[in-house]
Amino acid sequence: MATNLVNVEAVGKVYGTRALLDGISLGVNEGDRIGVVGRNGDGKTTLIRILAKLEPADTGRVTHSGDLRLGVLTQHDSLDPAATVRHEVIGDLADHEWAGNAKIRDVLTGLFGGLDLPGFTQGLDTVIGPLSGGERRRIALAKLLIAEQDLIVLDEPTNHLDVEGISWLAAHLRARRSALVVVTHDRWFLDQVCTRMWDVQRGAVHEYEGGYSDYVFARAERERIAASEEAKRQNLVRKELAWLRRGAPARTSKPRFRIEAANALIADVPPPRDSAELMKFANSRLGKTVFDLEDVTVQAGPKVLLKHLTWQLGPGDRIGLVGVNGAGKTSLLRAMAEAADSDGERQPVGGRVVVGRTVKLAYLSQEVAELDPALRVLEAVERVRQRVDLGKGREMTASQLCEKFGFTKERQWTPVGDLSGGERRRLQVLRLLMDEPNVLFLDEPTNDLDIETLTQLEDLLDGWPGSLVVISHDRYFIERTTDRVFALLGDATMRMLPRGVDEYLERRQRVRAAAASAPVAPGRQKAAEQPGPAQKSAAEQRAAKKELQKIERRLDRIGEQETELHERIAEHATDFEKVAELDARLRELTGEREELETRWLELAEDV
């Protein structure tokens, strides 16, 4: 019989006048892998913090087994900003000790792409203080996974990880013996890792056996029994269930309910979207040309991200874009958006982007657009438009669309300044859709959105007639909303992947394997063997190569910072004091970049 690790008995938690948790009783046993889902603000994070004894309950009690080894990843790390990555992750272990440990090597390679931490200016000796939130989060996760625990509690562990990193983390957690409780909005990850689900809703927690897909089936079955036939027909859960059963039945690993009942439930549900009808409608709205890229080169600072790209986004196309971080996914969308915003006048450094005359583009960036904090939610939406045409004769008022996105009648009168990060993201998506675009660029749209809001967004996109490009590390969302997947593999090219994200991961695995086993080029080997007075010693050569790599990483970072500063200058165009401050920072970066480029040329000659 499995040992009980944590017991939660009749726990209650109240914030203000709202009961987040009301008389909750749960248990975590050895070997459990539990996924926690629910709407933003319903108490998922509060539940796991109470479970981990990071926060006291108002009523009830939480007991841990006497010798419980507990590891917790919260949304705010406790890393020492003055420490190095080596100190926080590896501790006092000598190089030969940690390098000889297969577990440490696996974690560093899986989360950072290599033992030398490519992307960090000083590798393991990088100081934590100046790092971004995403980099700090990966360090905190690595520190936790290298240690030994009986129970791991993770709050949004997939944030800031790319598709490869998420795939590695899922495999790593499946292979561990530790019990697991994880809060995440990544439905593919839940399916891969979890064997039980906790659904936090209105103060209660409903338990389900199996992963996310099994949870959808079981929840739909429960609602099938409880609801009338017409109410079921309108239920979003049934629509997602239909997609799961028809499109990817292998997702369900261990269903704990009657499959026959589930099949009966979706017998009269049409496919999520009628592609032929949407394509016809998109043609009428957009014409034949949407975006045509002809021999395009995309650059970020000195780095060439894409070369000689010829590609077409047609009317009604639904494209998923995946790739390694820094390969140019966001830069490509920005180049296309700039061409659209300037009527074709602003073009990439090479080639040409042709934009259709009828294109009305909406671009959801990773940054949340700032709004007047004093505005009410409904006012912020109505400033864009009072009503929206969703196609196929469907029309919604601003208030109705707000409700569909989880803003109740009362919540619609909340000041924007009082909204959470997830709610602001929802409002950003809402305002985009209210403007009735016919082309949508979505860059990481799933950030900060809960699962229920994601299914509502997917439902809206199902009937939306236009062209769509999605960049996301959430493979479930990509597979659910797009028809074709393209990949940027970091070699300045774009490739179509007939088998989607699975093919992308296979290709990346082959690239890594080839890089690991690549022999030294004969020319280089011969040159290295010939001694000469002008040649550097082997140690000097290694030092120069190491410095070259650091400079290249820093140049990449400067390119990203310069792009961000240009955007911020455009945002604050009317605030002269802020523009002057940003311009000063931009000049500093330009000076640093020029010095680094000069040093790079010197070192390149030596190497």
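A residue is called buried when its relative accessible area is under 20%. The legends below describe a predicted model.

**View 1. Cys194 and Cys402 are two buried cysteines of the chain.** Cys194 has a relative accessibility of 5%, so Cys194 is counted as buried. Cys402 has a relative accessibility of 0%, and therefore Cys402 is counted as buried too. The structure contains zero disulfides.

**View 2. Helix H4 and helix H6 cross at roughly 150°.** H4 covers residues 102–112, and H6 covers residues 163–175. The axes of these helices come within 8 Å. An angle over 145 degrees counts as roughly antiparallel, so H4 is roughly antiparallel to H6.

**View 3. Residues of H4 meet residues of H6.** Which residues of H4 take part? They are Asp106, Val107, Gly110 and Leu111. From H6 come Gly165, Trp168 and His172. The residues in this contact of H4 with H6 divide into three nonpolar, three polar and one charged.

**View 4. The whole chain, for orientation, has 22 helices and 20 strands.** Of the 607 residues in the chain, 49% are buried. Among contacts in the chain with a separation of 6 or more, 69% are between residues 24 or more positions apart. The chain exposes about 29000 Å².

Definitions and conventions: Residues numbered from 1 in each chain as written. Predicted model: local features only at pLDDT ≥ 70, side-chain atom pairs only at ≥ 80, totals over all residues. Heavy atoms only, no water. Helix = DSSP H or I, 4+ residues; strand = E, 2+ residues; numbered from the N terminus. Buried < 20%, exposed > 50% of the residue type's maximum accessible area, 1.4 Å probe, protein only. Contact = heavy atoms within 4.5 Å. Areas by Shrake-Rupley, 256 points an atom, 1.4 Å probe, with all protein chains shown as cover. Axes fitted to C-alpha atoms, helices over the stretch in contact; angles between N-to-C directions. Parallel < 35°, antiparallel > 145°, perpendicular 65-115°, else oblique. Nonpolar A, V, L, I, M, F, W, Y, C, P; charged D, E, K, R; others polar. Disulfide = S-S within 2.5 Å.
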